[in-house]
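Welcome! Take a moment to look over the sequence and turn the model around before reading on. The notes below walk through it topic by topic.

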Amino acid sequence: QVVLVESGGGVVQAGDSLRLSCAASGRTFSARNMGWFRQAPGKEREFVAHINWSGDSTYYADSVKGRFTVSRDNAKNTVYLQMNSLKPEDTAVYYCAADRRAYYPSYSYSSASEYGYWGQGTQVTVSS
């Protein structure tokens, strides 16, 4: 069982930065791929970023590539999402998610169905 808790959301202006954190409980965090997704009002949940269990592979949605950076600290059971140059269209609830399998290749990292554990989400609002 993995419990995920996001933090770090808030209200910022366009061009600002935020760092989201996702703290995980359980002893298997370091064995799981982790993802970040977001959902804006009236829209479907979409993939944002992925980091594999060892931290040496990352993937990003085209809309955030070059602005967002995903990282993890397995000693702290935490995954981060550094968001720079924020835009109003980044406004959404951001969710972290953990792969339901351990030590699994990142085949379909952008698919929500690959993840079996989800946090409650943290709101990010970017004003223009």
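What percentage of the contacts in the protein with a separation of 6 or more is accounted for by residues 24 or more positions apart? The figure is 59%, where a contact means heavy atoms within 4.5 Å. Please keep in mind that this is a predicted model, in which local features need pLDDT of at least 70, side-chain atom pairs count only at pLDDT 80 or more, and totals for chains, interfaces and linings use all residues. Residues are numbered from 1 along each chain as its sequence is written, and side-chain values use heavy atoms, with hydrogens and water left out.

**Overall build**

- Along the principal axes, the C-alpha trace spans about 40 × 25 × 25 Å.

**Surface and charge**

- Of the 128 residues, 45% count as buried (buried is under 20% relative accessible area, exposed is over 50%, and partly exposed is in between, with a 1.4 Å probe and protein chains only).
- The protein exposes about 6,300 Å², and carbon and sulfur atoms supply 46% of that area; accessible areas come from the Shrake-Rupley method with a 1.4 Å probe, and for residues only the protein chains shown count as cover.
- There are 13 positive and 11 negative side chains, and the centres of the two sets lie 5 Å apart.
- In this count Lys and Arg are positive and Asp and Glu negative, while His and the chain ends are not counted; each charge is placed at NZ of Lys, CZ of Arg, CG of Asp or CD of Glu.

**Two buried residues in strands**

- His50 sits in strand E5 (residues 46–51) and counts as buried, at 1% relative accessibility.
- The side chain of His50 makes a polar contact with the side chain of Tyr115 (2.8 Å); such a contact is a pair of N or O atoms within 3.5 Å, and within protein one must be able to donate a hydrogen and the other to accept it, while residues adjacent in sequence count only if both atoms are side-chain atoms.
- Leaving aside residues up to four places away in sequence, His50 touches several others, including Asn33, Met34, Tyr59 and Val70.
- Cys96 belongs to strand E9 and is buried, with a relative accessible area of 0%.
- Not counting residues up to four places away in sequence, the residues that Cys96 touches include Cys22, Trp36 and Trp118.
- Cys96 and Leu20 are 76 residues apart along the chain, and their C-alpha atoms are separated by 9.4 Å.

**Residues in loops**

- Ser113 is in the loop between strand E9 (92–99) and strand E10 (115–118), and its side chain makes a polar contact with the side chain of Ser111 (2.8 Å).
- Ser113 and Glu89 are 24 residues apart in sequence and 24 Å apart in space, C-alpha to C-alpha.
- Asn77 lies in the loop between strand E7 (68–73) and strand E8 (78–83), and has a positive phi of about 55° although it is not a glycine.
- Ser85, in the loop between E8 and E9, has a positive phi near 50° and is not a glycine either.
- Ser85 is partly exposed, with a relative accessible area of 40%.

Technical notes: Helix = DSSP H or I, 4+ residues; strand = E, 2+ residues; numbered from the N terminus.
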